[in-house]
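Please keep the sequence and the model in view while reading.

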Amino acid sequence: MSKKRVSFSPGGCKMCEACVSLAPECFEIDQDTGMLMQKIEYVDEDLARELCAYCPEDCIEMEDVVEE
Ligand code: SF4
C-alpha cells in the first residue's frame, strides 16, 4: 500500500488525543512540554484518511505526496 504524507497544524488543536489513539506511531504527547508532537510524516493511505476524518478541529491534512 502506498503511503501518504500527513501534515499537522497545531493552531486549532484541542488536545483531544484522537490522533494519538488512532496512530501512536505517528502522534504522541511530549512528556516534557505536554504538546502534541508528530513523529513521522508518511503513513499508510487508509490511516492518513482516517486521521483527517477523526480530527475534530481539522488540524490534520493529507498531502498529495506519495512515498512508494
Ligand atoms: S485529533 Fe486533532 S484536535 Fe485531537 S489531538 Fe489530534 S490534532 Fe489535536
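Helices (H or I, at least four residues) and strands (E, at least two) are DSSP runs, numbered from the N terminus. By that rule, aspartate 58 sits in the loop between H2 and S5. Residues are numbered from 1 along each chain as its sequence is written. The model is predicted: local features need pLDDT of at least 70, side-chain atom pairs count only at pLDDT 80 or more, and totals for chains, interfaces and linings use all residues.

**Overall fold**

The protein chain holds 2 helices and 5 strands, in the order β-α-β-β-β-α-β from the N terminus. Its radius of gyration is 11 Å, close to the 11 Å given by the globule rule for 68 residues, so the chain is as compact as a globular protein of that length. The radius is taken over C-alpha atoms, and the globule rule is 2.2 Å times the number of residues to the power 0.38. The C-alpha trace spans about 35 × 20 × 20 Å along its principal axes.

Two residues are in contact if their C-beta atoms, placed from the backbone, lie within 7 Å. Among the contacts in the protein chain with a separation of 6 or more, 68% are between residues 24 or more positions apart.

**Strand pairing**

Two strands count as paired if DSSP finds at least two bridges between them. Strand S1 (residues 3–8) pairs with strand S4 (residues 42–44) in the antiparallel sense over 3 bridges; there, lysine 3 has aspartate 44 of S4 as its bridge partner. S1 is also joined to strand S5 (residues 60–67), again antiparallel, by 5 bridges. In that pairing valine 6 stands opposite methionine 62 of S5.

**Core and burial**

A residue is buried if 20 or more other C-beta atoms lie within 10 Å of its own, exposed if 12 or fewer, and partly exposed in between, with C-beta atoms placed from the backbone. Of the 68 residues of the protein chain, 16% count as buried. A nonpolar core is a set of buried Ala, Val, Leu, Ile, Met, Phe, Trp, Tyr and Cys residues joined through C-beta atoms within 7 Å. The largest one has 10 residues: Val6, Cys19, Ala23, Cys26, Phe27, Val43, Ala48, Leu51, Cys55 and Ile60. In soluble globular proteins, nonpolar side chains tend to be buried together.

Cysteine 19 is found in helix H1 and is buried, because 23 other C-beta atoms lie within 10 Å. Not counting residues up to four places away in sequence, cysteine 19 touches Phe27, Leu51, Tyr54, Cys55 and Ile60. Leucine 51 lies in helix H2 and counts as buried, with 23 C-beta neighbours inside 10 Å. Its contacts, leaving aside neighbours within four places in sequence, are Val6, Cys19, Leu22, Ala23 and Ile60.

**Ligand shell**

A residue is near a molecule if its C-beta atom, placed from the backbone, lies within 6 Å of it. On this basis 14 residues surround the ligand, and the closest are Cys13, Cys16, Cys19, Cys55 and Cys59. Ala, Val, Leu, Ile, Met, Phe, Trp, Tyr, Cys and Pro count as nonpolar, Asp, Glu, Lys and Arg as charged, and the others, Gly among them, as polar. The shell has 11 nonpolar, no polar and 3 charged residues.

**Loop residues and positive phi**

Which loop holds glutamate 17? Glutamate 17 is in the loop between S1 and helix H1 (18–22), and its phi is positive, about 70 degrees, although it is not a glycine. With 14 C-beta neighbours inside 10 Å, glutamate 17 counts as partly exposed. Aspartate 58 also has a positive phi, near 55 degrees; this residue is exposed, with 10 other C-beta atoms within 10 Å. Most residues other than glycine have a negative phi, and most peptide bonds are trans.

Methionine 35 is in the loop between strand S2 (27–29) and strand S3 (36–38). Methionine 35 is exposed, with 10 other C-beta atoms within 10 Å. Arginine 49, by contrast, lies in helix H2 (residues 45–54) and counts as partly exposed, with 14 C-beta neighbours inside 10 Å.

**Separations in sequence and space**

| Pair | Apart in sequence | C-alpha to C-alpha |
|---|---|---|
| Arginine 49 and lysine 4 | 45 residues | 9.1 Å |
| Cysteine 19 and aspartate 58 | 39 residues | 11 Å |
| Leucine 51 and valine 20 | 31 residues | 9.5 Å |
| Methionine 35 and cysteine 13 | 22 residues | 9.7 Å |
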